[in-house]
Amino acid sequence: MSLVTRRNLNDQDAAYAALIGAHKGLSEAESIALNARLILILMNHIGDPAVIGEALALATASGARPAG
Amino acid sequence: MPYDYKPFPFVAPPGLTAPEPRHAVVIVGAGPIGLAAALELANHGVRSVVLDDNNVVSVGSRAICWSKRSLEILDRIGVGAACVAKGVIWKVGRTYHRDREVFNFDLLPEPGHKMPAFVNLQQYYVEDYLVAEAQASGLIDLRFKNRVTGVSQTADGARVEIETPEGFYTLEAGYVLACDGAKSPIRAMMGLEFQGVLFEERFLIADIEMEADFPSERRFWFEPEFHQGQSALLHKQPDNIYRIDLQLGWGTDPAEENKPERIIPRIEKVVGHGNFKLDWHSIYTFQCRRLESFVHDRVIFVGDSAHVVSPFGARGGNGGLQDVDALGWRLAAVVTGEAPGAILQRYDLERTHGSDENILNSSRSTRFMSPAEGAERWFRDATLALASHAEFARPMVNSGRLSVPCVYPLSGAPDVAGMPSASRPGAVAPDAPLGGDWLLSVLGGEMTLLAIGQPAPARLALRVVEVEVTPEVKARYLGDRDRALYLIRPDQIVAARWERAEAGAITAHAAAIWEGRA
């Protein structure tokens, strides 16, 4: 099993709205803490350390300033 | 050559000299929605009076993106061909982050539809065509420079007070359609208020005239170099007119930003030169709001008077035309005594549902374009950053989800598993080529049984259209079945479908629709 990077959510807009909605009214510190808990939950759900490793690499790489 | 505004003459209405006989329907507002409503009623043989406080078509391009469904509706009332002939046809949208394309969409990926996915055409052209059609109809009494100053409900109708350049008069009407726009004076006169969200965001909207060879595509930029940190949209219109929308942010001064000396340098940065003419401009804020109910006894709200959404989804004008679609046949049936007034509640149910879907989509796009500081902005920026690295993030980039007609929730409508989802009850009947014609043109505006791959049941007291199974008809109507019976409403919405049915079951469902029970 490798990391799924193609579209895998039926209704992406609804999922995105649910994510934003969960942060409504939170302070910055509370939002950061919510994100941390969410990542731990999803990481456990994935279960596969290789997939988690790929996800970490993608998140790191996409945070770098695009060249040009 | 830009549009040449020709004022319509004021003609003294008969009501100024003597009371007029009661009118079945008075429509307030001769914009695209009011005019389309009048023509739709005329299609069903119902007369109307249309009042407008002005005497020219829309000043500025305003609504420019007409969806496939709107074009089908406009076609049914006689102006579809003119709109397509004059308009800029497009179906591809491209979204950029900085200078990189991150997402594109194709709105009409299959052939075999009479109408294109979208046509860009200035609202003034659409109104121009609609006015000509209304004046030729013989059933529409179009009155310019007639400003409504009061509306009141009577026991079995409504009374409208009107001011003209030559004095005041009163009209009695069975029904009044308030098609008087987002700032609806009638809404205010009746003390009704919008509910919903007003976003703290401002956009500059400008039309420029220039010679250019931009392709016929919608282009949207997040954080472009030419408009630091904000968003921008470019749309092509006929007559070498381009629509440019620029996000300004809430901290800007709208009066200051609406000055040409502020606007022109901004646009020079977008197009890369100063060789253009500023044709029209305006500043707007985002709002997603609607009336709780669109039907108030004998006064019915249609279009922007009933609901407003943020732009970038083309859901304002197109949503209004879908209101007209859902209302016209029902109101005509009520006025002619063929249906009880209760069926108008179905208009309210269906169009508040449609409006909520438009508001939901529009609110999400607005939040993506104009995220609140904190988590909303982190996730927006993360989506944009991921978009050039991972496929899944591209369609998450939300620069507007363009108008498609909603599927009405027709609970309990007969349905068949295995038939295509696109033609399920509540959806607009999909178009298909039919010999030299088109299915939607053949269906027209009457309650019809569409029989596919079989004859209609004998002794059916209903208009019947029988069609052969072509590849398009199979894909859009049959799925894994080889025959079907579709009951299609006058607004071309699929009301029910069966694989086989007795005449009695079909007419019973049609009767339930006319009685407002389905």
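A salt bridge joins B:Arg401 to A:Asp13, with 2.6 Å between the closest N and O atoms. The model is predicted, and in it this is the one salt bridge that the rule finds across the interface of chain B and chain A.

Turning to the interface as a whole, 24 residues of chain A and 22 residues of chain B take part in the contact. About 1,900 Å² is buried between chain B and chain A, and carbon and sulfur atoms account for 61% of this area. Within chain B, the residues that lose the most area to chain A are B:Arg364, B:Trp378 and B:Phe379, which together make up 29% of what that side buries.

A:Leu38, A:Ile41, A:Leu42 and A:Ile46 make a nonpolar surface patch of about 340 Å². One of these residues, A:Leu42, sits in helix 2 of chain A, which covers residues 28-46. A:Leu42 has a relative accessible area of 48% and is therefore classed as partly exposed, since the exposed class begins only over 50%. That value is still over the 30% that a residue needs to join a patch.

Methods:
Residues are numbered from 1 along each chain as its sequence is written. Chains are lettered from A and ligands numbered from 1 in the order in which they are written. This is a predicted model: local features need pLDDT of at least 70, side-chain atom pairs count only at pLDDT 80 or more; totals for chains, interfaces and linings use all residues. Side-chain values use heavy atoms; hydrogens and water are left out. Patches are made of residues with over 30% relative accessible area and no salt bridge: like charges are joined within 9 Å, nonpolar side chains (Val, Leu, Ile, Met, Phe, Trp, Tyr) within 5 Å. Accessible areas come from the Shrake-Rupley method with a 1.4 Å probe; for residues, only the protein chains shown count as cover. A salt bridge is a side-chain nitrogen of Lys or Arg within 4 Å of a carboxyl oxygen of Asp or Glu. Helices (H or I, at least four residues) and strands (E, at least two) are DSSP runs, numbered from the N terminus. Buried means under 20% relative accessible area, exposed over 50%, partly exposed in between (1.4 Å probe, protein chains only). Contact means heavy atoms within 4.5 Å. Buried area is the accessible area (1.4 Å probe) that two parts lose on being put together, summed over both.
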